[in-house]
Amino acid sequence: MTFQFESWQAFWQMGGYGFYVWLAFGVSLLAVLALVYESIWTKQQLIKAVNAQIARKQRIKQAKMQSNKQTESTTEHDKSEQEVGRA
Amino acid sequence: MWKWLHPYAKSESAYQLCKTLLPWFAWSSVLTLFVGTLWGLAFAPADYQQGDSFRIIYIHVPSAILSMGAYSAMAIAAFVGMVWQIRTSYMAMMAIAPVGAMMTFIALFTGAAWGKPMWGTWWVWDARLTSELVLLFLYLGVISLYKAFDDKVQAGKAASVMALVGVINLPIIHYSVEWWNTLHQGATISKFERPSIASEMLWPLLINLLGASLLVGALSIKRLQNELLRREIHRPWAVKTLIKESKA
Amino acid sequence: MMSVLMAIFKRDMALAFRQRAELLQPMMFFVLVISLFPLGVGPGPDTLQKIGPGVIWVAAILSSLLGMERLFRDDYQDGSLEQLMLSGAPMALVSVVKVCVHWIASILPLIVLSPLLALFLNLTVEMYWALLATLLIGTPLLSLVGAVAVGLTVGLQKGGVLLALLLLPVFVPLLIFATAAVDAAAMQLPYSAHLGLIGAMLLLALALAPLAIAYALRVSQS
């Protein structure tokens, strides 16, 4: 088990085949990293989606409470309905 | 005998199992791939015939083996899902598919990059490269069939049929391509014999093979987790886990 | 049960031959694609003879794909497929009947046209007999395996390109063996082994494909 190259220079050159060897290893690494990144990104999107889902539920709840309050004072009935619609 | 497996058909327990397994797979794959690649690149002796370009073998062969292995794993998951009607199994199948496609791409690309200095061209219709190409098409077919359906339960079933058709066909394709290749042996291409590999070359190869298997495992587990969460995003357990993990 | 299958056969035949325009289109496509090749690669008789078998087979696969979509589409859209499933008829056998009708209606005409194409591409008589044999054994295989994918994609709006994507890689062995048989015939070599291999694949498909088609149709219908 010895280091097979005389110098770092020689290691990078790979006996003249440096371009092909490093291209193969580099692209493989990139492909793996891309898939890893995509998997992690999907998870982040899911977290965002669930947060949006919760926020939406809360907005609906609030709008409902508000509309209940406002229907008691019947003056702004139309406006509250619009709000529910928007939520 | 297989009763202990049954709880894992439920998505929540499958998720928990994935969660405990993932770090082990991920870190061991990083470790083994690092050791194997470093050993292969710097410490394994160069091939007497092909020189240092031979070092591409340390990713080409593991990825080629794993591309076939992942396809069989996918087909097994499809079969299990179809016979026992397990939704999680379909999800596992679709979690493995892109990982296998990536492995096939790596096998193809490294094959081309190895072929350029050895054969003088990036692409030859060599038997192994050709069947890898067909394998990539089979993967893409399964994935795009799955994506074409809106109803993901239906999509899983349809994709599993295609995966099984592919797995029955794969040996036929493999041998037919090999036979076709010997039939049309080009005059200009001198076929390189596989070097009978010395043990100091074999060790890093085996380590990388193990590392690549662990990598396929880790990525598939991660994607299965995502798939479980995505499909059940309206269920309380999924919401709870996602909130917990967004805070952490 | 035979009478049910016979009835389906007769009905489908009548339907298929009523839509003559749709039957003619794949045939025209077949002839057109093949007549493009001499224009593309030059009219040299030797070149044409060399690429001929491959060209005819590739064109046959492509044009059979064109007509394939029709296999279950109309039955699916007007609901008669659902009726058939509910009627309790064995779907595996029904699908074999439907594949048979499809083969007779849209692939047999291609085979009838093949002598003309053999002339176009300057094939010898031996090559033509080999080509005819491979077409006769090979195209039922195309229809059977194709029907599985058609069954899967019948419910989708844009099934056409997807169908080609799914099926073309699966047809690779057939293409290889069929063209090799014709090449062998061109060199005056025996080609029964190639035909035997295609026949073996056909038998395998005949055993497994009907079950897969029935399952695929159930998936699509749900």
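The contact between chains C and B takes 19 residues from chain C and 21 residues from chain B, two residues being in contact if their C-beta atoms, placed from the backbone, lie within 7 Å. On the chain C side, α7 (125-153), α8 (160-167), α9 (172-186) and α10 (192-221) each supply at least two residues of the surface that touches chain B. Helices here are DSSP runs of H or I with at least four residues, strands are runs of E with at least two, and both are numbered from the N terminus. By class, this side of chain C holds 18 nonpolar residues, one polar residue and no charged residues. In this classification Ala, Val, Leu, Ile, Met, Phe, Trp, Tyr, Cys and Pro count as nonpolar, Asp, Glu, Lys and Arg as charged, and the others, Gly among them, as polar.

The model is predicted, with local features requiring pLDDT of at least 70, side-chain atom pairs counted only at pLDDT 80 or more, and totals for chains, interfaces and linings using all residues. Residues are numbered from 1 along each chain as its sequence is written, while chains are lettered from A and ligands numbered from 1 in the order in which they are written. The model scores ipTM 0.87 and pTM 0.87. For chain C the mean pLDDT is 87, and 100% of its residues reach 70 or more; pLDDT is the predictor's confidence in each residue, from 0 to 100.

Chain A contains three helices and zero strands, and 13% of its 87 residues count as buried. A residue is classed as buried if 20 or more other C-beta atoms lie within 10 Å of its own, as exposed if 12 or fewer do, and as partly exposed in between, with C-beta atoms placed from the backbone. An unreviewed UniProt entry annotates residues 17-37 of chain A as "transmembrane region". UniProt positions are given in the numbering used here, feature names are shortened, and annotations may be inferred rather than shown by experiment. This span of chain A is 95% helix and 0% strand, and its end C-alpha atoms lie 30 Å apart.

Chain B comprises seven helices and zero strands. Its C-alpha trace spans about 65 × 40 × 35 Å along the principal axes, and buried residues make up 49% of its 248 residues. Among contacts in chain B between residues at least 6 apart in sequence, 78% join residues at least 24 apart. In the loop between α2 (57-84) and α3 (87-119) of chain B lies B:Gln85. The phi angle of B:Gln85 is near 55 degrees, a positive value in a residue other than glycine. B:Gln85 is exposed, because 11 other C-beta atoms lie within 10 Å.

In chain C, the loop between α9 and α10 holds C:Gln188, a residue other than glycine with a positive phi near 60 degrees. C:Gln188 counts as exposed because it has 8 C-beta neighbours inside 10 Å.

Helix α6 (residues 91-120) of chain C packs with α10(C) at an angle of about 105 degrees, their axes lying 8 Å apart. Axes are lines fitted to C-alpha atoms, for helices over the stretch in contact, and angles run from 0 to 180 degrees between N-to-C directions. The angle therefore makes α6(C) roughly perpendicular to α10(C), a class covering 65 to 115 degrees, whereas angles under 35 degrees count as roughly parallel, over 145 as roughly antiparallel and the rest as oblique. Residues making the contact include C:Met91, C:Leu93 and C:Val96 of α6(C) and C:Pro210, C:Ile213 and C:Leu217 of α10(C). The residues of this contact divide into nine nonpolar, one polar and no charged.

For chain C, the unreviewed UniProt entry lists "transmembrane region" at residues 21-42, 54-72, 93-121, 127-154, 161-182 and 194-217. Residues 127-154 of chain C are 96% helix and 0% strand, with end C-alpha atoms 37 Å apart. Residues 161-182 of chain C are 82% helix and 0% strand, with end C-alpha atoms 29 Å apart.
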